[in-house]
Amino acid sequence: MKTVRFGIIGCGLMGREFGSAALRWCHLTDVDVKPEIVAVCDANPAMTAWFKANCPTVRQETSDYRALLANADVDAVYVAVPHNLHAEVYCAAIAAGKHLMGEKPFGIDLAANERIMAAIRQHPEVFVRCSSESIFFPAVQRIAQLFEADAFGRIIQVESGFLHCSDMDPGKPINWKRMMRLNGEYGSMGDLGMHACHFPFRAGWRPANVRAVLSKIVAQRPDGKGGMAPCETWDNATLLCSAADSGGQEFPLTIKTFRIAPGHKNSWYLEVYGTRGSARWSSKQINTVEIMQYQPGGEQPWQVLDMGHEMAFKTLTGVNFEAGFSDSILQMWAAFLHELAHGAPKRRFAGCVTPEEAALSHRLFTAALASQKEARTVEV
Ligand SMILES: NC(=O)c1ccc[n+]([C@@H]2O[C@H](COP(=O)([O-])OP(=O)(O)OC[C@H]3O[C@@H](n4cnc5c(N)ncnc54)[C@H](O)[C@@H]3O)[C@@H](O)[C@H]2O)c1
């Protein structure tokens, strides 16, 4: 088993998700490469305590990411810091020759993303991917199989989205995701959009133009110091795109990223409707995928299937047991390490978001901002 020695920069929510996935790597049964977390960095030293308590392989703890990048024992880094730091830290990691899993949105805005893309072009020897676990849920893997078997026929319409109600409560104190300086103008598109774009982009469905309607619903929130602070970023985004499949046939592609979606704690969903077949899934019913195969002139019956644990990378879990968020995170990391070790993803839909796919999402979200501002359809 080949070992890749990792440093983590940003030991908050997502840094620890990776730490936990690495600690249960033995859950994967058909991988030949594994991560070992040897260094951790957070600007707030208290955030590395979890690693100290749980991760005996950590040999370097620092609050300076440059010190971690100078560590010759680190082969690859996972950078999970607020969006305003993506370009600076990702470019430094790439220049230091560290393979990189960067968090979405992969730059706070298009200009930051272009800096990252330039650094990648200068260092083709460095393997770089962007985090999104959305295609690793078993139901999405099944929809991918249908796509690869050409079961949909001509695409009629696709809808993909990510709905949260995490900001429904107007009394919830403000966090960095509501601040333009740290989270960028994209708001929920930057936070949630890459997940919603992952499957459509991997399928080769490219948005040619977009008409976006963006909403700011809660204008201000408690600032945690007894006052109120303005919420500067977009809460909800609906993007209606004209997309084309690889054969050039146009269809409507709708992407929704909502921070304020009543009743949705964390709902990822994907719906593909075609002339021969259709499929739809929402993580609200995480184990269920609905599929319709249509024979001309016949009925249009939806079949409801339980997915169990049909994963891209096999695990110890029995095939009948349902999957969850942390399972798809483990799969995403298996995909990153597999592609790093073997030079290609295990399958087309078992690969992490490429830098080019992340860059396309920036062009889409930037066009969406212009569309909202000018109330018109904008080329992507
Ligand atoms: N893939 C997913 O499902 C998913 C989910 C949530 C967040 N994210 C992404 O992960 C990234 C981090 O989000 P999070 O929710 O983990 O945030 P978080 O606030 O929980 O953690 C960020 C950490 O970065 C640290 N940090 C800030 N500046 C730093 C610096 N200069 N050097 C080192 N550490 C620094 C903070 O102290 C904090 O501990 C964002 O890009 C976000 O979009 C991805």
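What covers the buried residues of helix α1? The cover includes β1 (2-9), β2 (33-41), α2 (49-54), β4 (76-79) and α9 (325-342). Keep in mind that this is a predicted model. The helix α1 itself spans residues 13-23. Its buried residues are Gly15, Glu17, Phe18, Gly19, Ala21 and Ala22.

Look at Glu17 in that list. Glu17 sits in helix α1. Why does Glu17 count as buried? Because 20 other C-beta atoms lie within 10 Å, and 20 or more is the cut-off for buried. Glu17 and Ser326 are 309 residues apart along the chain, yet their C-alpha atoms are separated by 7.5 Å.

Next, the ligand. How many residues surround the ligand? The number is 22. The closest are Gly10, Gly12, Met14, Ala43 and Glu103. By class, the shell around the ligand has twelve nonpolar, five polar and five charged residues.

Now the domains. The domain assignment gives domain 1 as 2-130 and domain 2 as 134-321 + 350-379. The C-alpha centres of domain 1 and domain 2 are 25 Å apart. Into the contact go 21 residues from domain 1 and 24 residues from domain 2. Stay on the domain 1 side. Two or more residues each come from α5 (110-122) and β6 (128-130). Sorted by class, the side of domain 1 that touches domain 2 has eleven nonpolar, six polar and four charged residues.

Last stop, some strands. Strand β14 covers residues 277-282 and strand β15 covers residues 288-293. β14 and β15 pair in the antiparallel sense over four bridges. Together they form a hairpin, with five residues between them.

Which way does β15 pair with β16, residues 303-306? Antiparallel, over four bridges. Here the mark is Val289, opposite Leu305 in β16.

Notes:
Residues are numbered from 1 along each chain as its sequence is written. This is a predicted model: local features need pLDDT of at least 70, side-chain atom pairs count only at pLDDT 80 or more; totals for chains, interfaces and linings use all residues. A residue is buried if 20 or more other C-beta atoms lie within 10 Å of its own, exposed if 12 or fewer, and partly exposed in between; C-beta atoms are placed from the backbone. Two residues are in contact if their C-beta atoms, placed from the backbone, lie within 7 Å. Domain bounds come from an automatic or database domain assignment. Ala, Val, Leu, Ile, Met, Phe, Trp, Tyr, Cys and Pro count as nonpolar, Asp, Glu, Lys and Arg as charged, and the others, Gly among them, as polar. A residue is near a molecule or strand if its C-beta atom, placed from the backbone, lies within 6 Å of it. Two strands pair if DSSP finds at least two bridges between them.
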